[in-house]
Amino acid sequence: TGRATVRPPVPTPMDLRGKIAYDRDKCIGCKLCVRVCPASVIRFLPEEKKIRIYVARCTFCAQCVDACPVNALAMTEEFLLADADRFSSRLIVG
C-alpha cells in the first residue's frame, strides 16, 4: 500500500556511552579530566575553576569519567546529538 511501518524505538543498550553529564557543584577543578582526554575536548576555565566540554569532537571514551575523583562526570543515555552548528549550546557541556 506504500505506507511506512512505524516501529517502536530500539531500547538504549546497557552501558551506552552517550553525551557527558557534568555536575559543576561536585567539580573541584583538579583538571584530571583535561589531562586524560585523548580528543582534547575539555577546556579548563581558570577564572571559575570549572571545565567546559565540547561534545561535537568527543569520542565518548569515558576516560574523563573514570579519572574524576569526585564523580562530577557521567555518561548519559543521550545519543541524538546531531546539530548544524558544532558550537551549539546543545553540544557544549559546562
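Two strands pair if DSSP finds at least two bridges between them. Strands are DSSP runs (E, at least two residues), numbered from the N terminus. By that rule, strand β2 (residues 42-45) and β3 pair in the antiparallel sense, over four bridges.

The model is predicted: local features need pLDDT of at least 70, side-chain atom pairs count only at pLDDT 80 or more, and totals for chains, interfaces and linings use all residues. Residues are numbered from 1 along each chain as its sequence is written, and side-chain values use heavy atoms, with hydrogens and water left out.

Start with the hairpin. β2 and β3 form it with four residues between them. In the turn, Lys-49 has a positive phi of about 55 degrees. Across the pair, Arg-43 stands opposite Arg-52 in β3.

β3 also pairs with strand β5 (residues 92-93), in the antiparallel sense over two bridges. There Ile-53 faces Val-93 of β5 as its opposite residue. How enclosed is strand β3 (residues 50-54)? Four of its five residues are buried, so β3 is largely enclosed by the rest of the structure. Buried means under 20% relative accessible area, exposed over 50%, and partly exposed in between (1.4 Å probe, protein chains only).

Move on to strand β4 (residues 73-75), which contains Met-75. Met-75 counts as partly exposed because its relative accessibility is 21%. Leu-16 is 59 residues away from Met-75 in sequence, yet the C-alpha to C-alpha distance is 7.6 Å. Leaving aside neighbours within four places in sequence, Met-75 is in contact (heavy atoms within 4.5 Å) with residues including Leu-16, Arg-17, Phe-60 and Val-65.

Now the empty space. Rolling a probe the size of a water molecule over the atoms shows where such space is left. On a 1 Å grid over the protein atoms alone, a cavity is a set of points where a 1.4 Å probe fits but cannot get out; lining residues have an atom within 4 Å of a point. Grid points are joined across faces, edges and corners, and a volume is the space filled by probe spheres set on the points. The structure holds three cavities of 30 Å³ or more.

The largest cavity has about 90 Å³ of space. Its lining has 13 residues, with Cys-27, Cys-30, Cys-33, Cys-68 and Ala-72 nearest the centre. The second largest cavity has about 70 Å³. It is lined by 13 residues, and Cys-37, Val-41, Cys-58, Cys-61 and Cys-64 lie nearest its centre.

Technical notes. On a 1 Å grid over the protein atoms alone, a cavity is a set of points where a 1.4 Å probe fits but cannot get out, and a pocket is an open set with protein on both sides within 12 Å along at least five of seven lines; lining residues have an atom within 4 Å of a point.
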